[in-house]
Amino acid sequence: MLRKYLDKIKPTFSQGGKLHFFGSVFEGIETFLYVPSTTSQSGTNIHDAIDAKRIMSIVVIALLPALLFGMYNVGYQNFLAAGTLFEASWWEVFLYGFLKVLPKILVSYIVGLAIEFAWAQFKKEEIQEGFLVSGIIIPMIIPINCPLWILALAVAFSVIFVKEIFGGTGMNIFNVALGARAFMFFSYPAVMSGDSVWVANSTIFNLGNNLPDSFTEATPLASIGSGHIPTESLSDMVIGLIPGSIGETSVIAIGIGAIILLYTGVASWKTMLSVFVGGSLMAILFSFSESTPIPWYEHLFLGGFCFGAVFMATDPVTSCRTETGKYIYGFLIGVIAIIVRVKNPGYPEGMMLAILLMNMFAPLIDYCVVQRNISLRAKRLSK
C-alpha cells in the first residue's frame, strides 16, 4: 500500500509537477523507505541491496543499546545524587532520563536535517543520508546539562562547515559528530569541560528532592585530572553506572553495538582492535612511570574511549581505507588519546582530539601504504 501511494504521488514531485521544487525531499523519504530501483546505464557494475542508507540504519540500530542505557544512567545519577534512588522505580528512573535526552535528539535532528534539506533544495541535489547517524551520535557524546541552544549551534556548525562545505557526505575530512563536540568544547568550555555533567533535579517525580538545577557531579576522568583517585568500582565502569556523557559510559552496551557492526561488516575490526591495542600499550607505559593514579586497563573503560573506538574511529569516510592503514590509524588514535588524557590535566578526555587529529592524517597514511605497495611490486617486476 505504501509503495503504491509513493508511486501515485511521485509525478507531483518530479520535474514539471506542482511540487517539483520539493523533489529532493520526496526522493530522500522514498529511498529511506525502499532500496532505489534505478540502475546504471553504462559500464560494468556490481549491485547490492545494501546502500548508504541501509548502512546508516545498521549503525543507528547498533547505537540504540548505548542510547537506551544512557537514558537510564541519566536518571540513575540524578536519583543517586538526590538520595532518592531506592524510592524510585526502574520506570521512573528511565523515564526521567528519557525526558532529559529526548529534546536533545529532537534538536539535533531538526536542525541538522533542516540544513541538509535546504542545502539539497538549493543545489537541486539528492538529500544525503550521512546525518542519520551523526544526528543521534551528537546528543550521545555531550553532557546532559548542555543547553539546547548551544547544541543547535554546534549541529549547524558541524553540518555546514565540517561536511557540506567539503562536498557533503563521503567528502568530509573530519568526523561530523566530533566536529560538533569540538565546537562546543572550544566555544563553551564551561559546558564541555567534563567535570560537571549531571543536572540532578528530579522534582518531576515527587520524591522529596530539593537539589537545584545547577547541581553537578565530577566524572571519574575529571577526578583523575585533578589528582584524585575515582571512587567508582570496576564493575560500575563496565556496566556504565558512572557520571559521563550520555552514551559513553556503558562498556557492555557499546560492546553490543560493536558486535552488530562487526557481524554486519559495517565497521572494520582492524581499526577497532588497533585503537584498544594502542591505548593499552600507552596506558601500561604510563603505569610504569606512575604518571596515572589508576590501573592501565581502567583507561579503556572510562570516558569516551570505547565509544570512540567503536563508533567514530571506524567511520569509513574519515578513517583509513587501506587494510594496513587501518592498523596504523587505529593504533595511533589509542596512543594519542592516552597521552592527551594523562599529560594534559586541563583536558581529562583525549579521544576527541586523537580521532580528529588522525582524521587529518588518514589520507597521508593511505597514500604512504599505497606507494609502498607500488614500490614493492616494481621491485618484484624488475627482478
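## Aromatic residues

Seven residues, Phe69, Tyr72, Tyr76, Trp90, Trp91, Phe94 and Phe98, form one aromatic cluster. This is a predicted model, where local features need pLDDT of at least 70, side-chain atom pairs count only at pLDDT 80 or more, and totals for chains, interfaces and linings use all residues. Residues are numbered from 1 along each chain as its sequence is written, and side-chain values use heavy atoms, without hydrogens and water.

The structure holds 17 aromatic pairs. Rings of Phe, Tyr and Trp (its six-membered ring) pair if their centres lie within 6.5 Å; planes under 30 degrees apart are stacked, over 60 edge-to-face, and the rest tilted.

## Two pairs

Trp149 and Tyr188 are edge-to-face, because their ring centres are 5.4 Å apart and their planes stand at 85°. This pair links distant parts of the chain, 39 residues apart. Trp149 is in helix 6 (residues 148–163), and Tyr188 is in the loop between helix 7 (176–187) and helix 8 (189–192). Helices (H or I, at least four residues) are DSSP runs, numbered from the N terminus. Tyr188 is partly exposed, at 24% relative accessible area. Buried means under 20%, exposed over 50%, and partly exposed in between (1.4 Å probe, protein chains only).

Phe307 and Phe311 make a tilted pair, with 5.0 Å between centres and 45° between planes. Both lie in helix 14 (residues 305–312), four residues apart, about one turn of the helix.

## A charged patch

Arg372, Arg377, Lys379, Arg380 and Lys383 form a positive surface patch. Patch residues have over 30% relative accessible area and no salt bridge, and like charges are joined within 9 Å. A salt bridge is a side-chain nitrogen of Lys or Arg within 4 Å of a carboxyl oxygen of Asp or Glu.

Arg377 lies in helix 16 (residues 351–382). Its relative accessibility is 56%, so Arg377 counts as exposed.

Key. Patch = residues over 30% accessible without salt bridge, like charges linked within 9 Å, V, L, I, M, F, W, Y side chains within 5 Å. Areas by Shrake-Rupley, 256 points an atom, 1.4 Å probe, with all protein chains shown as cover. Lys, Arg positive; Asp, Glu negative; His and termini not counted. Charge placed at Lys NZ, Arg CZ, Asp CG, Glu CD. Helix = DSSP H or I, 4+ residues; strand = E, 2+ residues; numbered from the N terminus.
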